[in-house]
Amino acid sequence: MPSIAIDGVTLSFPILLIALGAVVTAVVGARGGRSRRTALWGGLLLSLALIGMLTLASLVGDDFDGAQGVNLVPFQEIQRGLDSRGSTPWFNLVGNVLLFIPFGAAVASLARTGFLGRVVYGTLLGGLLSTGIELTQYWGGRVADIDDIILNTAGALLGALLAATVAGLAASHRRATPTAPPDMQA
């Protein structure tokens, strides 16, 4: 089974949990009712827990031997990953995007606004969360990378677009479903 590395953490099982969280969020998000919102909040919390575990877990403990630094050159590490012949840098790029899809989907599904508002909320909050993570990593002695913010925000955008599209389709389906005619009074 291929593994995915995000910020130096090799993944296989956790990525399955992220995918499961995304599927659950999308499926439950299309349904209505109180259980929908509860499930979406649960999906959001699961997403936040996984993001925290995968991006900040190495800050706990003294076993990190990497260098501290900051990369503020947009697309530098993305290009390096795309140019690499190995699969690990490429999986790192894909993993950074996939990691934030469930988060963007959950935020957009919870937003009580139209299509554009859902997309903006999911994307903006994903970008802010990613920025906070990168600052925390820098303060914790690791490398902060603008490309991680770009990739994570792209993932949040994809998730938000997915959720906003599902919500729009569900709303148009509800409007198109005929209702029973009113009782005729005699």
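A nonpolar surface patch of about 810 Å² is formed by F115, L116, V120, L124, L125, L128, L157, L158 and L161. Patches of this kind consist of residues with over 30% relative accessible area and no salt bridge, nonpolar side chains (Val, Leu, Ile, Met, Phe, Trp, Tyr) being joined within 5 Å and like charges within 9 Å. Two or more residues of the nonpolar patch are contributed by each of the elements α5 (115-139) and α6 (146-176). Helix α5 provides the largest share, six residues, and L124 has its place in this helix.

The model is predicted, so local features require pLDDT of at least 70 and side-chain atom pairs count only at pLDDT 80 or more, whereas totals for chains, interfaces and linings use all residues. Residues are numbered from 1 along each chain as its sequence is written, and side-chain values use heavy atoms, with hydrogens and water left out.

The protein contains six helices and four strands, arranged along the sequence in the pattern β-β-α-α-β-α-α-α-β-α. Helices (H or I, at least four residues) and strands (E, at least two) are DSSP runs numbered from the N terminus. Of the 186 residues, 38% count as buried; buried denotes under 20% relative accessible area, exposed over 50%, and partly exposed the range in between (1.4 Å probe, protein chains only). Accessible areas come from the Shrake-Rupley method with a 1.4 Å probe, and for residues only the protein chains shown count as cover. Among contacts with a separation of 6 or more, 76% involve residues 24 or more positions apart, a contact being heavy atoms within 4.5 Å.

The largest nonpolar core comprises twelve residues, namely L40, L44, I51, L54, L99, F100, F103, A106, V107, L110, I133 and A156. A nonpolar core is a set of buried Ala, Val, Leu, Ile, Met, Phe, Trp, Tyr and Cys residues joined through side-chain atoms within 4.5 Å. The elements giving two or more residues to this core are α2 (34-56) and α4 (87-110), and α4 gives the most, with six residues. A second, separate core has five residues, including I78, L93, I101 and L151.

Two aromatic pairs were found in a search of the whole structure. Rings of Phe, Tyr and Trp (its six-membered ring) pair if their centres lie within 6.5 Å; planes under 30 degrees apart count as stacked, over 60 as edge-to-face and the rest as tilted. W90 and F91 form an edge-to-face pair, with 5.8 Å centre to centre and 70° between the planes. W90 is partly exposed, at a relative accessible area of 43%. The rings of F100 and F103 have centres 6.2 Å apart and planes at 65°, and this pair is therefore also edge-to-face. Both F100 and F103 lie in helix α4, three residues apart, about one turn of the helix. F100 is buried at 0% relative accessibility, and F103 is buried at 5%.

Residue F103 also touches S47, which contacts P102 as well, residues up to four places away in sequence not being counted. S47 is placed in helix α2 and is buried, at 5% relative accessibility. A further buried residue is E134, with a relative accessible area of 3%, located in helix α5. The C-alpha atoms of E134 and A144, ten residues apart along the chain, are separated by 4.9 Å.

Side chains of opposite charge can pair when their charged atoms come close. With a salt bridge taken as a side-chain nitrogen of Lys or Arg within 4 Å of a carboxyl oxygen of Asp or Glu, the count comes to one. This salt bridge joins R80 and E77, the closest N and O atoms being 2.6 Å apart. The two residues are three positions apart in helix α3 (residues 76-83) and are therefore separated by about one helical turn. R80 is partly exposed at 48% relative accessibility, and E77 is partly exposed with a relative accessible area of 27%. In the loop between β3 (69-71) and α3 lies F75, which has a positive phi of about 75° although it is not a glycine.
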